[in-house]
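Hi,

Here's the structure I said I'd pass on. Have a look, and my notes follow below.

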Amino acid sequence: MASAYQAAGGTLKLKGIGEIGSKKKKKKKNASKQMKEQITMAAEDEGSEEGKPKIDRRTPAEKAFAKIQEKRQTERILEKAQKKHKDRVNEFNSKLDTLTEHFDIPKVSWTK
């Protein structure tokens with residue numbers, strides 16, 4: 001019995017993809033050489049920027065935001081520097097005393 005159906009033999013061929021045997025070989029990159037090059041490039045850039053004035057390309061709002069952030073950060077640092085370790089421990093203990101005891105192990109005895 002000859003059937004009207006004939007299946008094509010072989011593998012599925014996709015458009016845009018060449019044959020399996022024609023793959024390009026990848027080049028191996030030496031990481032240490034790249035790191036050395038990046039370091040030397042960065043050193044050269046720093047050296048060249050010393051003589052040139054920096055151009056600030058931020059908007060006035062960005063400048064104001066950065067100024068306020070810096071001011072707040074210095075205030076936080078000064079505030080932390082004024083407290084001693086004993087004061088910090090007492091403050092932490094008082095904070096723990098005010099927390100709910102949700103995570104404490106409940107009593108399991110049925111007789112009492």
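First, a term: a polar contact here is a pair of N or O atoms within 3.5 Å; within protein, one must be able to donate a hydrogen and the other to accept it, and residues adjacent in sequence count only if both atoms are side-chain atoms. Keep in mind that this is a predicted model, where local features need pLDDT of at least 70, side-chain atom pairs count only at pLDDT 80 or more, and totals for chains, interfaces and linings use all residues. Residues are numbered from 1 along each chain as its sequence is written, and side-chain values use heavy atoms, with hydrogens and water left out.

Now the polar pair: a polar atom of the Arg88 side chain sits 3.3 Å from the backbone oxygen of Lys80. Arg88 belongs to helix H3, residues 85-98 (helices are DSSP runs of H or I, at least four residues, and strands runs of E, at least two, numbered from the N terminus). Beyond its neighbours within four places in sequence, Arg88 is in contact (heavy atoms within 4.5 Å) with Lys80 and Lys83.

Arg88 has 42% relative accessibility, so it counts as partly exposed; buried means under 20% relative accessible area, exposed over 50%, partly exposed in between (1.4 Å probe, protein chains only). Ile17, in the segment before helix H1 (31-49), is exposed because its relative accessible area is 58%.

As for the whole chain, it has 3 helices and 0 strands, running α-α-α from the N terminus. Of its 112 residues, 0% are buried.

Cheers
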